[in-house]
Amino acid sequence: MTRHDTGATAAIEITPFTEAHLPGALALSQAAGWPHRREDWALGLTVSQGVAANENGRVVGTALCSLHGAVATLNMIIVDQSMRGRGLGRLLMEKIIALAGDREMRLVGTEQGLPLYRKLGFAPTGVIVQLQGLARAARPEHPVCVGAEATEALAAMDYAASGMERASLLARIADMGVTLTTEGGFAMLRPFGRGHVLGPVIARDKAAARALIAGAATHLAGHFLRIDLPEEQGLAPFVETLGLSRAGGGTAMVHSPRPRPETGWQTHALISQALG
Ligand SMILES: CC(C)(COP(=O)(O)OP(=O)(O)OC[C@H]1O[C@@H](n2cnc3c(N)ncnc32)[C@H](O)[C@@H]1OP(=O)(O)O)[C@@H](O)C(=O)NCCC(=O)NCCS
């Protein structure tokens with residue numbers, strides 16, 4: 001545990017993030033306008049280490065570092081509104097960057113976070129578009145199987161697309177929801193925030209990705225669905241035809257990128273902005 005005078009009136013304690021911080025962390029993300037439920041924080045924690053900033057027993061800052069083999073995703077970086085602009089965000093970032101070790105680091109930055117991330121050496125790699133709304137049914141252009149098993153083969157497709165080792169995370173997500181498969185791809189749908197989120201969507205081509213997304217929208221027709229898409233894949237206009245509209249997003253950024261072989265597999269939707 002370290003004590004820091006960040007310029008605030010009281011000293012702030014930075015401690016390793018534990019389950020005991022979850023209620024305070026949830027209050028912080030809700031105050032920031034994020035839709036995460038306690039279960040959404042808990043899923044991230046299964047693959048993460050992190051830090052919490054505490055003032056008189058109250059959680060006033062959080063930051064997590066999720067480990068996926070040679071890649072780390074940095075996420076849930078939040079400072080209480082009353083404490084912003086005093087260096088606490090930078091301090092929390094420095095702690096989780098140390099937890100990432102020599103891994104490639106990725107994050108999806110909000111407008112507020114961008115200046116800090118740029119100063120810490122992160123470079124933008126693309127735009128993530130968040131779409132959400134009440135899903136409309138649509139006939140998939142290829143057959144889609146709903147209710148498949150999370151297998152090692154699916155984790156291998158995900159690794160080929162993302163460079164991240166996350167078989168156990170995918171197995172957990174599959175247990176929480178529904179797995180869809182089609183020739184040349186798979187997708188996972190689970191409860192998140194205000195309803196459900198579709199992600200990851202991993203496919204070899206756009207037709208397979210569209211079929212998976214249409215299959216998920218049909219499965220969830222009439223219910224709230226969210227998808228976070230890499231804009232460069234160009235599927236946002238298609239997703240809009242399924243009843244979802246743009247509701248923000250972020251800037252994908254990387255630090256210390258490693259070269260990756262071209263495999264032909266692509267990520268068409270993220271597990272979440274936090275987990276990549
Ligand atoms: C992003 C956030 C965590 C930053 O926390 P913070 O405690 O205010 O950050 P700091 O005080 O450490 O400031 C970070 C740096 O960004 C700089 N900065 C902030 N806004 C800036 C701007 N508009 N232009 C240039 N630099 C800016 C600060 O000067 C500081 O630089 P320095 O360390 O070299 O002095 C905080 O604003 C927050 O919680 N926002 C809401 C949640 C969110 O969007 N989180 C990001 C998720 S990806």
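Mentor: Helices and strands here are DSSP runs, numbered from the N terminus: a helix is a run of H or I with at least four residues, and a strand is a run of E with at least two. The model is predicted, so local features need a pLDDT of at least 70 and side-chain atom pairs count only at pLDDT 80 or more, while totals for chains, interfaces and linings use all residues. Residues are numbered from 1 along each chain as its sequence is written, and side-chain values use heavy atoms, with hydrogens and water left out.

The part to start with is helix 1, which covers residues 22–31. A residue is called buried under 20% relative accessible area, exposed over 50%, and partly exposed in between, using a 1.4 Å probe and protein chains only. In helix 1 the buried residues are Leu22, Ala25, Leu26, Leu28 and Ser29. Looking down the axis of helix 1, these residues fall within an arc of 160°, so they line one face of the helix. The arc is taken from the directions that run from the helix axis to the C-beta atoms. Contact means heavy atoms within 4.5 Å. Among the elements that cover the buried residues of helix 1 are helix 2 (38–45), strand 4 (58–68) and strand 5 (71–79). After helix 1 comes Gly33, with a positive phi near 85°.

Positive phi also turns up away from glycine. Most residues other than glycine have a negative phi, and most peptide bonds are trans. Asn56 is not a glycine, yet its phi is positive, about 50°. Asn56 sits in the loop between strand 3 (48–55) and strand 4, and it is exposed, at 73% relative accessible area. Ser256, also not a glycine, has a positive phi of about 55°. Its place is the loop between strand 13 (245–255) and strand 14 (266–269), where Ser256 is partly exposed at 37%. As for peptide bonds, the one from Gly199 to Pro200 is cis, with omega near 10°; Pro200 belongs to strand 11 (residues 195–203).

Next, the aromatic rings. Rings of Phe, Tyr and Trp (its six-membered ring) form a pair if their centres lie within 6.5 Å; planes under 30 degrees apart count as stacked, over 60 as edge-to-face, and the rest as tilted. By this rule there are two aromatic pairs. Phe17 and Trp41 are stacked, at 5.7 Å centre to centre and 10° between the planes. Phe17 is in the loop between strand 2 (12–16) and helix 1, and Trp41 is in helix 2, so the pair ties together parts 24 residues apart in sequence. Phe17 is buried at 10%, and Trp41 is buried at 1%. Tyr117 and Phe122 make an edge-to-face pair, 6.3 Å centre to centre with 65° between the planes. Both Tyr117 and Phe122 are buried.

Helix 7 (residues 206–219) contains Leu212, a buried residue with 0% relative accessible area. Apart from neighbours within four places in sequence, the residues in contact with Leu212 include Val144, Leu180, Phe186, Val201 and Ile202.

Last, the cysteines. A disulfide is a pair of cysteine sulfur atoms within 2.5 Å, and the structure holds zero of them. Cys65 is buried at 0%, whereas Cys145 is partly exposed at 41%.
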